[in-house]
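Let's take a friendly walk through a protein chain, one piece at a time. Keep the picture beside you and find each residue as it comes up.

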Amino acid sequence: MWSVRFRGSAAQLRALRDVLWAGSGLILTGAVVTALAAGLHATRHPTYSASSQLLLRSEIPLDLLEPVGGVDIEVAPSELDLDVKTEAALLGSPVVAGRVARSLGLPIPPGSVETTVLTDSLIEVRASASDPLLAAVLANDFADQYLAYRREAATRVIALLTRNLDMRAAQLRARINKLDDELALAETARARPRPANV
């Protein structure tokens, strides 16, 4: 067991207590001044927020993804049919923030935005800034750049679908040509006169 002994008078003990008390008062005063300064800064530099809403729908009609003439298209339309939570996560992603920065000529991508799923096809994006106009511009540009990003993804899928259909059409044409040649040979063989039996 440890024990601490203090050798000194009662006056020295009171002096030590007063110093500690004065130090705690100074710390408390510093905390109060810091809180007041932060509050004053917030009132002089308020933060504004603005929101924009996106109505989601597939860019490609679903019947375009169905098999044509019994020929199955080997493409997964996963880039088109994302669930609304994935769409909301993509909307606030660094990829879209980078596109917004390039679009608005910002030196760095803007801070994160809040995305909220309102319904199964409606997402809200909320941006904050010290200027109300900038907050509105950011919210709208996040929505615009996300739509452009999704349009580009849909265009890639359409290009893949078109390429696959062209390849299948070429294969079908080759098979049809081969069947035509075989049919022509069979017709020619049947039209030849048979030798008479002697």
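Start at L104, which is partly exposed, with a relative accessible area of 32%. Here, buried means under 20% relative accessible area, exposed means over 50%, and partly exposed lies in between, using a 1.4 Å probe and counting protein chains only. This is a predicted model, in which local features need pLDDT of at least 70 and side-chain atom pairs count only at pLDDT 80 or more, while totals for chains, interfaces and linings use all residues. Residues are numbered from 1 along each chain as its sequence is written, and side-chain values use heavy atoms, with hydrogens and water left out.

L104 itself sits in helix α3 (residues 94–104). Helices (H or I, at least four residues) and strands (E, at least two) are DSSP runs, numbered from the N terminus. Now look for the buried residues of α3, which are V96, A97, G98, R99, V100 and A101. Their cover includes α2 (84–91) and α4.

R99 has a relative accessible area of 15%, and it forms a salt bridge with E152, the closest N and O atoms being 3.1 Å apart. A salt bridge is a side-chain nitrogen of Lys or Arg within 4 Å of a carboxyl oxygen of Asp or Glu. Side chains of opposite charge can pair when their charged atoms come close. Because R99 lies in helix α3 and E152 in helix α4, the pair ties together parts that are 53 residues apart in sequence. E152 counts as partly exposed, at 39% relative accessibility.

How many salt bridges does a search of the whole structure find? There are four. Another of them joins E187 and R190, with the closest N and O atoms 2.8 Å apart. These two residues are three apart in helix α4, so about one helical turn separates them. An α-helix has 3.6 residues a turn, so residues three or four places apart point the same way. E187 is partly exposed, at 40% relative accessible area, whereas R190 is exposed, at 64%.

Next, step back to see the whole chain. It contains four helices and three strands, and from the N terminus on, the elements run α-β-α-α-β-β-α. Of its 198 residues, 21% are buried.

The three strands form an open sheet in the order β1-β3-β2, with antiparallel pairing. The edge strands are β1 (48–55) and β2 (114–119), each pairing on one side only. From one strand to the next, the twist averages 25 degrees. Strands of a sheet pair through backbone hydrogen bonds, either parallel or antiparallel. Two strands are said to pair if DSSP finds at least two bridges between them; β1 and strand β3 (residues 122–129) have eight, in the antiparallel sense. Within this pairing, A50 stands opposite A127 in β3.

Two helices also meet the sheet. α2 packs on it, touching β1, β2 and β3, and its direction makes about 155 degrees with that of β2. α4 packs on the sheet too, touching β1 and β3, and its direction makes about 25 degrees with that of β1. Axes are lines fitted to C-alpha atoms, for helices over the stretch in contact, and angles run from 0 to 180 degrees between N-to-C directions.

Finish at R126, found in strand β3 and partly exposed at 29% relative accessible area. R126 forms a salt bridge with E124, the closest N and O atoms being 3.8 Å apart, and E124 counts as buried at 15%. Leaving aside neighbours within four places in sequence, R126 is in contact (heavy atoms within 4.5 Å) with S49, A50, S51, V113 and E114.
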